[in-house]
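User: Can you walk me through this one? I have a few questions and will jump around a bit.

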Amino acid sequence: MPNKLIQAIKDYSKPIHESKDLDSLINEISDHQFVLLGESSHGTSEFYTMRAELSKKLIKEKGFTYLAVEGDWPACQQVNRYIKGIDKQSSHARDVLKSFNRWPTWMWANEEMIDLIEWLKNYNQNQAEDRKVGFYGIDVYSLWESIDEIIKYLERTTPSQVETAKKAFACFEPFNRRPEKYGISASFYGEGCHEEVSKLLSDIRLNKSNYSSNEENALDLEVNAIITANAENYYRTMVLNDNESWNIRDRHMVEVINKIHQFYGENAKGIIWEHNTHVGDARATDMVNEGIVNVGQLLREQKGEDQLFIIGFGTHHGTVIAADQWGVNLEKMVTPPAQSGSWEDCMYQAGSHDKYLVFNEQNKHLFNKTIGHRAIGVVYNPAYEHYGNYVPSIMSDRYNAFIYINQSNALSPIEVQEVLL
């Protein structure tokens, strides 16, 4: 198989030397409502810069209306307020990125994001209010920050409803903002806060029409309430069932994407930035054997495959930002050459240069055999990569296209006062 696969890659891939080489890839995207841009690690510079270039082109040339990323909603709202001109205090994207102070901070607090954020701000200055592009976080982790935001908003606008939010906050307070402590207590001792957060979400949805839509306040409030409910479920489940907690997280991300999409109306078009393991259809991997779903699969099922264009990313070798344990200091690590016989190795054997490949009806059958596909998380040990960093995948079913970076470089994190929550 490798020789035939390598030849097929040679026949159908196109080289990438500069930004304009991506134009023909952009032309493959027609009436799709969603473009999902992956990454095989959270610490690779080229994945961020290339996704930024693709996003700019999609916004300018294809009319995409929002960008949603694998980040916390409250921190991303600081970026959203900055690029839409709501935030009058911050003078530069670097200041706004310091909102990303929860480990792993480097995912968004990095030099590579600065150019895109400033570009979005400048782009929006020339747009009507209802045409400004938004930037949102869709992840589930910001339990305490989201409760904080709900209380602050209700105290300003609807004091009569503050009590419900404070009851939810008080229930979580004994756990000192430590999700693992909450998860153990809720799972093993039945000391959870499910009722409190369910009531909070119910009350906010019941009174939705009373909240101001000015500065996206109603959307902000409802999504923070959804995060509170889903995060409680996630942390409670995480202790006992990794697979189900993954599903809760990815279903949450789809729920938030749908809320954002609904907010932007019938002409909405969304660009989604997440790891390959979230955007690449789980049904084309061994994840399906474990009952695991992901964002790419769920959106394809909900919206129809013709509404999504999913682009995976990978590299053969280089450097990456990661950590060898959860919560410890980041390191610049060497990404070793891809494992022999893997997808990334075959891309390399087909030519040691950057390239992209579109999977279509003409060539899909040439890429429909299962092959190992590298995935690097925020926790990574290159020495043990061959034990668990390759996901068996049918590439032409998992993605619509794939971008290959031959030699990649580590992200450039910015200095942030970090907290571990």
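**Strand pairing and other local features**

Analyst: Let's start with a strand pair: Leu 37 stands opposite Ile 311, a residue of strand 6. Note that this is a predicted model.

User: Which strand is joined to strand 6 there, and how many bridges are there?

Analyst: Strand 2, residues 34–37, is joined to strand 6 by four bridges, and the two run parallel.

User: What does Ile 311 stand opposite in strand 11?

Analyst: Ala 401 is the residue opposite Ile 311 in strand 11. Strand 11 covers residues 401–408 and runs parallel to strand 6, with seven bridges between them.

User: And strand 7, parallel or antiparallel to strand 6?

Analyst: Antiparallel: strand 7 (residues 331–335) pairs with strand 6 over five bridges. Within that pairing, Gly 318 stands opposite Thr 335 of strand 7.

User: How many residues of strand 6 are buried?

Analyst: Of the 15 residues in strand 6 (residues 308–322), 14 are buried, so the strand is largely enclosed by the rest of the structure.

User: Ala 401 came up. What about Val 358, which strand is it in?

Analyst: Val 358 belongs to strand 8, residues 355–358. Leaving aside neighbours within four places in sequence, Val 358 is in contact with Ala 401, and also with Leu 25, Glu 28, Asn 363 and Asn 400.

User: Buried or exposed?

Analyst: Val 358 is buried, because its relative accessible area is 9%, and the cut-off for buried is under 20%.

User: How far apart are Val 358 and Ser 396?

Analyst: They are 8.6 Å apart in space, C-alpha to C-alpha, and 38 residues apart in sequence.

User: Switching topic. How many disulfides does a search of the whole structure find?

Analyst: The search finds one. The disulfide joins Cys 171 to Cys 193, with an S to S distance of 2.0 Å. The pair links distant parts of the chain, 22 residues apart: Cys 171 sits in helix 8 (residues 162–172), and Cys 193 sits in the loop between helix 9 (179–189) and helix 10 (194–206).

User: Left-handed or right-handed, and why?

Analyst: The torsion about the S-S bond of Cys 171 and Cys 193 is about -95°, so the disulfide is left-handed.

User: Are those two cysteines buried or exposed?

Analyst: Cys 171 counts as buried at 18% relative accessibility. Cys 193 also counts as buried, at 0%.

User: What about Cys 76 and Cys 346, buried or exposed?

Analyst: Cys 76 is buried, with a relative accessible area of 0%. Cys 346 is buried too, at 2%.

User: Back to helix 8. Which of its residues are buried?

Analyst: Val 162, Thr 164, Ala 165, Ala 168, Cys 171 and Phe 172 are the buried ones in helix 8.

User: What do the buried residues of helix 8 pack against?

Analyst: They pack against four helices: helix 7 (143–157), helix 9, helix 10 and helix 11 (217–238).

User: What is phi for Asn 176?

Analyst: Phi of Asn 176 is near 55°, which is positive in a residue other than glycine. Arg 177 also has a positive phi, near 60°. Most residues other than glycine have a negative phi.

User: Where is Asn 176?

Analyst: Asn 176 is in the loop between helix 8 and helix 9, and Arg 177 is in the loop between those helices as well. Asn 176 is exposed, at 55% relative accessible area, whereas Arg 177 counts as partly exposed at 27%.

User: Which peptide bond is cis?

Analyst: The bond from Trp 103 to Pro 104 is cis, with omega near 0°. Pro 104 is in the loop between helix 5 (93–97) and helix 6 (111–125).

User: Last topic. How much space lies in the second largest pocket?

Analyst: About 430 Å³. The lining of this second largest pocket consists of 22 residues, and those nearest its centre are Glu 129, Asp 130, Arg 131, Lys 132 and Tyr 264.

User: What classes of residue are in the lining of the second largest pocket?

Analyst: The lining has eight charged, seven polar and seven nonpolar residues.

How values were computed: Residues numbered from 1 in each chain as written. Predicted model: local features only at pLDDT ≥ 70, side-chain atom pairs only at ≥ 80, totals over all residues. Heavy atoms only, no water. 1 Å grid on protein atoms, 1.4 Å probe; cavity = no way out; pocket = protein on both sides within 12 Å on 5 of 7 lines; lining within 4 Å. Points joined across faces, edges and corners; volume = space filled by probe spheres on them. Nonpolar A, V, L, I, M, F, W, Y, C, P; charged D, E, K, R; others polar. Disulfide = S-S within 2.5 Å. Buried < 20%, exposed > 50% of the residue type's maximum accessible area, 1.4 Å probe, protein only. Contact = heavy atoms within 4.5 Å. Pairing = 2+ DSSP bridges.
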